[in-house]
Each structure stands twice: as structure tokens, then as C-alpha cells.
Amino acid sequence: MTTAHTETPTERVPGRAWTIRLTGHSDRSATVSCTTAACRMPPRSKDLAALRAFAAQHAAAHAKAATVRANARCHCGSTGCEAHPDARTHCAGAVTLILRHDPTVGRVWTIEEVCAACAPLIPHTTVVARAARPSRTVEQPAATVPAPAQASVPGGFSSPTAGPADSAPAPGRRSGRRPPRPQRRRTGQY
């Protein structure tokens, strides 16, 4: 009998990364490669503009197809935060999916699951997606939720004197505090 490993939502998993690379050759041709072996790449070509456009579209397709996992560890943190060596931070916050591409070099596109602390520190990045927050409440069927016995007052408190005739909404509350007035300075005469 074999048992399959099931991933629990609270178990941390390694952050994923995809790299699409445009590699030039000595005969002035180039190839596009992807770290995902199942991806089909165009053949070697001398049309660099078409290959660069394909690489950018391929990176965007990976970013669109990827579902950000809320329980993923920061991929940047797993590499020792090499992507932002000048700014040290501790990995923290929600998981984001970023697209990293330096337009001055223009040959590498990277999609990574990183934490919210590292994402703004990595140069040439765009946040593509954020992990959905898990719901903390468990929904109950309507039949098991008891109906309130008395009418309620805004704010969630029940009123023992409220009846069916008291259906007028309560006026909105205002703070009794006013902002402080700026002090005026008199110039000239005292």
C-alpha cells in the first residue's frame, strides 16, 4: 500500500521561479530557452526582434498561468537575497509573483514567488500577482444560523426596547473632537 503525500495549506513550500533567456551565438543568431522543460521554444533564428518579443510574451504567459501560493517561501530568500545585496531585510509578508527584466540588458526574464519585503528591493521588477488571503471564517449553512430574536441597533448591539415599529435608521455618529486650530502669530504690534 502506498500513501500519497498531501500538501497542507499551512506547510511552507519552496518558492518557484521560471527563467526565460535569449542567448546569442557567434553567427549572429539567437535561441530562446525556458527553465520549464515542457515549454516549446522557437528554432534558432537571426530575427532577434521576433525572438525578444516571443521571450517577453512567454514570460507574461508563465506569469498569467501561475497561481501564487500563499504558503510559498520567498524564492529570493532561498538564494540568500542575492537579487538585492545592497538592501538587507528579513523575508516577511504576503507572497507576491514578480516579473524581473532589466531592459538595458534585455536578454533575461524571470518570474519568481517572493515575499512582500523583498519584492520592492529587487531592481527592475513588476509585481504581477499577490497571493489570495485565506479566509479565516468558516461559512455555515443558513439553516444552522439562528435568527436574531430582537431588532438590532447599528454597531451590532441589541436593543431591548426595539420593536418592529422602530425601523428608522439611527443617525451616523460624529466624533466630539474637533481638529486643533492653528495658532496665529501676530507680527508687528503687541
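# Close-up views of a predicted model

**View 1. Asp27 and Arg44 join their side chains in a salt bridge.** In this predicted model, the N to O distance between the two side chains is 3.2 Å. The pair brings together distant parts of the chain: Asp27 sits in the loop between S1 and S2, while Arg44 sits in the loop between S2 and H1, 17 residues apart. Asp27 counts as partly exposed, with 36% relative accessibility. Arg44 is partly exposed too, at 46%.

**View 2. Glu113 forms a salt bridge with Arg69.** Here the closest N and O atoms are 2.8 Å apart. Glu113 belongs to strand S4, and Arg69 to the loop between H1 and helix H2 (75-78), so look for two distant parts of the chain, 44 residues apart. Is Glu113 buried or exposed? Its relative accessibility is 0%, so Glu113 counts as buried. Arg69, at 21%, counts as partly exposed. Which residues are linked in a network of salt bridges? They are Arg16, Arg69 and Glu113.

**View 3. Glu112 and Arg100 meet in a salt bridge between two strands.** The N to O distance is 3.4 Å. Glu112 lies in strand S4 and Arg100 in strand S3, so this pair ties together parts 12 residues apart in sequence. Glu112 is buried, with a relative accessible area of 4%, whereas Arg100 counts as partly exposed at 24%. In total, the model has 4 salt bridges.

**View 4. Five strands make an open sheet in the order S2-S1-S4-S3-S5.** The pairing in this sheet is antiparallel. Strand S2 (30-34) and strand S5 (125-130) stand at the edges with a single partner strand each, so one side of each has no neighbour in the sheet. On average, neighbouring strands are turned by 20° against each other, direction ignored. Helix H1 (residues 48-65) packs on the sheet and touches S1, S2, strand S3 (95-101), S4 and S5. The direction of H1 makes about 5° with that of S2.

**View 5. Strand S4 pairs with S1 and with S3.** Strand S1 (residues 17-24) and strand S4 (residues 108-115) run antiparallel and are joined by 5 bridges. Two of the pairs to find are Thr19 with Thr110 and Ile20 with Trp109. S3 and S4 also run antiparallel, with 7 bridges between them. Along this pairing, Thr96 stands opposite Val114. In the hairpin of S3 and S4 there are 6 residues between the strands, and Gly106 takes a positive phi near 70°. Of the 8 residues of S4, 7 are buried, so the strand is largely enclosed by the rest of the structure.

**View 6. Ile20 is a buried residue of strand S1.** Its relative accessible area is 0%. Which residues does Ile20 touch, not counting those up to four places away in sequence? Among them are Val32, Ser33, Cys34, Ala55, His58, Val108 and Ile111. Ile20 also touches His62; the two are 42 residues apart in sequence, and 9.8 Å apart in space, C-alpha to C-alpha.

**View 7. The largest nonpolar core has 19 residues.** The members that touch the most others are Ile20, Leu22, Val32, Leu97, Trp109 and Ile111. Elements giving two or more residues to this core are S1, S2, H1, S3 and S4. Which element gives the most? H1 does, with 4 residues. Another core lies apart from this one; it has 10 residues, among them Cys74, Cys76, Ile98 and Val114.

View 8. The mean pLDDT is 77, and 64% of the residues reach 70 or more.

Technical notes. Residues are numbered from 1 along each chain as its sequence is written. This is a predicted model: local features need pLDDT of at least 70, side-chain atom pairs count only at pLDDT 80 or more; totals for chains, interfaces and linings use all residues. Side-chain values use heavy atoms; hydrogens and water are left out. Two strands pair if DSSP finds at least two bridges between them. Axes are lines fitted to C-alpha atoms, for helices over the stretch in contact, and angles run from 0 to 180 degrees between N-to-C directions. Contact means heavy atoms within 4.5 Å. Buried means under 20% relative accessible area, exposed over 50%, partly exposed in between (1.4 Å probe, protein chains only). A nonpolar core is a set of buried Ala, Val, Leu, Ile, Met, Phe, Trp, Tyr and Cys residues joined through side-chain atoms within 4.5 Å. pLDDT is the predictor's confidence in each residue, from 0 to 100.
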